Amino acid sequence: MLGRRVLGARTMAGIAQEVYALPTAYRLIRIAIADATATWLAQVSALS
């Protein structure tokens, strides 16, 4: 559909849930990446 995301919810509550779920999931993934990077950097620093 023109390369756009389509919400699958049929109710206003479902739409709200989908709208909040995407940025929440994105933020959680970014936090996990930052934590993994910090852990890796600490391990690399400990080697030197």
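The following legends accompany close-up views of a predicted model of the protein.

**View 1. Overall architecture of the predicted model.** The protein contains one helix and zero strands. Its C-alpha trace extends about 55 × 25 × 10 Å along the principal axes. Of the 48 residues of the protein, 4% are classed as buried.

**View 2. Leucine 7 in the segment before helix H1.** Leucine 7 is located in the segment that precedes helix H1, which covers residues 12–47. The relative accessible area of leucine 7 is 38%. Leucine 7 therefore counts as partly exposed, because this class lies between the limits of 20% for buried and 50% for exposed residues.

**View 3. Contacts of leucine 7.** When neighbours within four places in sequence are left aside, leucine 7 is in contact with Ile15, Glu18 and Val19.

View 4. Leu7, Val19 and Tyr20 together form a nonpolar patch on the surface. The accessible area of Leu7, Val19 and Tyr20 together is about 310 Å². Val19 is also among the residues in contact with leucine 7. Leucine 7 contributes to this patch from its position in the segment before H1.

**View 5. Isoleucine 29 in helix H1.** Isoleucine 29 lies within helix H1. Its relative accessibility is 52%. Isoleucine 29 therefore counts as exposed, because the limit for that class is over 50%. Leucine 7, at 38%, is instead partly exposed.

**View 6. Separation of isoleucine 29 and alanine 16.** Isoleucine 29 and alanine 16 are 13 residues apart in sequence. In space, the distance between isoleucine 29 and alanine 16 is 20 Å, taken from C-alpha to C-alpha.

Definitions and conventions: Residues numbered from 1 in each chain as written. Predicted model: local features only at pLDDT ≥ 70, side-chain atom pairs only at ≥ 80, totals over all residues. Heavy atoms only, no water. Helix = DSSP H or I, 4+ residues; strand = E, 2+ residues; numbered from the N terminus. Buried < 20%, exposed > 50% of the residue type's maximum accessible area, 1.4 Å probe, protein only. Contact = heavy atoms within 4.5 Å. Patch = residues over 30% accessible without salt bridge, like charges linked within 9 Å, V, L, I, M, F, W, Y side chains within 5 Å. Areas by Shrake-Rupley, 256 points an atom, 1.4 Å probe, with all protein chains shown as cover. Salt bridge = Lys/Arg side-chain N within 4 Å of Asp/Glu carboxyl O.
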